[in-house]
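Hello,

Here is the structure I promised to pass on. Please open it first, then read my notes alongside.

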Amino acid sequence: MRKLGAAIIGTGNIAPQHVAGYLAHSERVEIKVLCDIFGDKAEKFAAVHGLEDCEIVTDYHELLGRDDIDLVSLCLPPSVHAEAAIDFMNAGKDVICEKPMAASLEETDRMNETAQRTGRILAVISQNRYRNNLYKVKKILDTGMLGRILFVKVNSFWYRGTNYYTLWWRGTWDKEGGGCTLNHAVHQIDILNYLMGKPLSITSVMANLAHDNAEIEDISLSLLRYPNALAEVNVTLCNHDERQEFEIVTEKATITVPWSVHAVKQLPNGFFEANPEMEKQLQDMYDSIPDLEMEGHPAEIGNVLKAIAGEEELLIDGKAGKDALDVIYGIYESAVERREVTLPIPADSPFYTKEGMLGKVPVYHEKSVSVDNIDGDITLGRN
């Protein structure tokens, strides 16, 4: 079987995760090209990651006609995801697009229409679906033994200092598409959709409390309504105890991600006593589910490669990517309009297009400091 040729477009902070993903499947794929508008940045990246044999280019358009490039990873600012993805799919390439999928719902529709018309794979990164604790919780919920999900509390707590927004494309509605709700909580919102389906409506507030070099929000609080359940989604970049977690309240027990389990039995007076039998049953079930062979980007990229080969269904496609953004732009619409917003967002809503949204969203602070690159390690949050 011929190895696929891959190109990584953008060599910023998330690109090493794609390198790790491809190297974990070296029997199927080979990284041939690194592309970045800053050529010296790409050369440094190649040296750090042992990719000295990779070709360096500064314009991705040079790759569109290349027969040796089958698959590309888009590690770019969200504002250019749609243009690049559409160009590559029209050129016959499969695409792995980093989150968030795009900077508007209109762009997601164009991307998905192109994928359908060309028959190319459009995968959207949501690597946290490939974490052992989430994977096992999903398996347990799918058995139905816990009854209905009644309430889910989601905390998407991160810490990013003010220097985070000195990078040229961050901190603006135009280039980043949104703040922490879009670019950080997209992981947890995708997982919430995975567990619950999309909500019927959203009520939200948001603000910028601690980042004076950013136009965008650094906190949002939302209530989501489902046919027979509610959810709460709390997002911030201000939390010094950076953690991401789910608390899932069901009819039979409360379980969390990261994993814990609590169950009680009702007493005749309506109060409760502990239910150690149920807790043990659930703990035994959790422990009996085998770990994933891989987690994170390597696991998701493995699914993409197998989907290209026709061996598996693609788990996280452009539809899943759009569903997450439908919730996120619903949060923005609700916070800006100060009302409950029903989903899906229709095409005639200002929050369907980038231009319409830019005319509505608040500019919390003027971005006054900007640099081309920021060095240093990044954190990807807790599992």
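**Salt bridges**

Start with Lys198 and Asp326, whose side chains form a salt bridge at 2.5 Å, N to O. Lys198 sits in the loop between helix H8 (186–196) and strand S8 (201–207), and Asp326 sits in helix H11 (residues 318–337), so the pair ties together parts 128 residues apart in sequence. Keep in mind that this is a predicted model.

Lys198 is partly exposed, because its relative accessible area is 29%. Asp326 is buried, with a relative accessible area of 2%.

A second salt bridge joins Arg225 and Glu340, with the closest N and O atoms 3.4 Å apart. Arg225 belongs to strand S9 (residues 219–226), while Glu340 lies in the loop between H11 and strand S16 (341–342), so this pair ties together parts 115 residues apart in sequence. Arg225 is partly exposed, at a relative accessible area of 45%. Glu340 is partly exposed too, at 40%.

Then look at Lys265 and Glu273. Their closest N and O atoms are 3.9 Å apart, and they form a salt bridge. Lys265 is partly exposed, with a relative accessible area of 33%. For Glu273 the value is 39%, so Glu273 is partly exposed.

Across the model, the count comes to 27 salt bridges.

**Helix H11**

H11 carries Asp326. The helix has 20 residues, which should span 28 Å at 1.5 Å a residue; its end C-alpha atoms are 28 Å apart, so the two agree. Of those 20 residues, 16 are buried, so H11 is largely enclosed by the rest of the structure.

Check both ends. Asp317 caps the N-terminal end, with a side-chain oxygen 3.2 Å from the backbone nitrogen of Lys319. Arg338 follows H11 and has a positive phi, near 55 degrees.

**Helix H10**

H10 covers residues 296–308, which makes 13 residues. From its first C-alpha to its last it reaches 19 Å, close to the 18 Å expected at 1.5 Å a residue.

Is H10 mostly covered or mostly open? It is mostly covered: 11 of its 13 residues are buried. Among them are Gly296, His297, Pro298, Glu300 and Leu305. What covers the buried residues includes strand S1 (4–9), helix H1 (15–23), strand S2 (29–35), strand S4 (71–74), strand S5 (94–97) and S6. Gly310 follows H10, and its phi is positive, near 75 degrees.

**Ile125**

Where does Ile125 lie? Its place is the loop between strand S6 (122–124) and helix H5 (132–143). Ile125 is buried: its relative accessible area is 2%, and the cut-off for buried is under 20%.

Leave aside the neighbours within four places in sequence. Ile125 is then in contact with His18, Ile96, Cys97, Glu98, Lys99, His297 and Glu300. Two of these names come up again in H10, where His297 and Glu300 are among the buried residues.

For a sense of distance, take Ile125 and Val361. They are 236 residues apart in sequence and 26 Å apart in space, C-alpha to C-alpha.

Best wishes

Methods: Residues are numbered from 1 along each chain as its sequence is written. This is a predicted model: local features need pLDDT of at least 70, side-chain atom pairs count only at pLDDT 80 or more; totals for chains, interfaces and linings use all residues. Side-chain values use heavy atoms; hydrogens and water are left out. Helices (H or I, at least four residues) and strands (E, at least two) are DSSP runs, numbered from the N terminus. Buried means under 20% relative accessible area, exposed over 50%, partly exposed in between (1.4 Å probe, protein chains only). Contact means heavy atoms within 4.5 Å. A salt bridge is a side-chain nitrogen of Lys or Arg within 4 Å of a carboxyl oxygen of Asp or Glu. The expected span of a helix is 1.5 Å times one less than its number of residues. A polar contact is a pair of N or O atoms within 3.5 Å; within protein, one must be able to donate a hydrogen and the other to accept it, and residues adjacent in sequence count only if both atoms are side-chain atoms.
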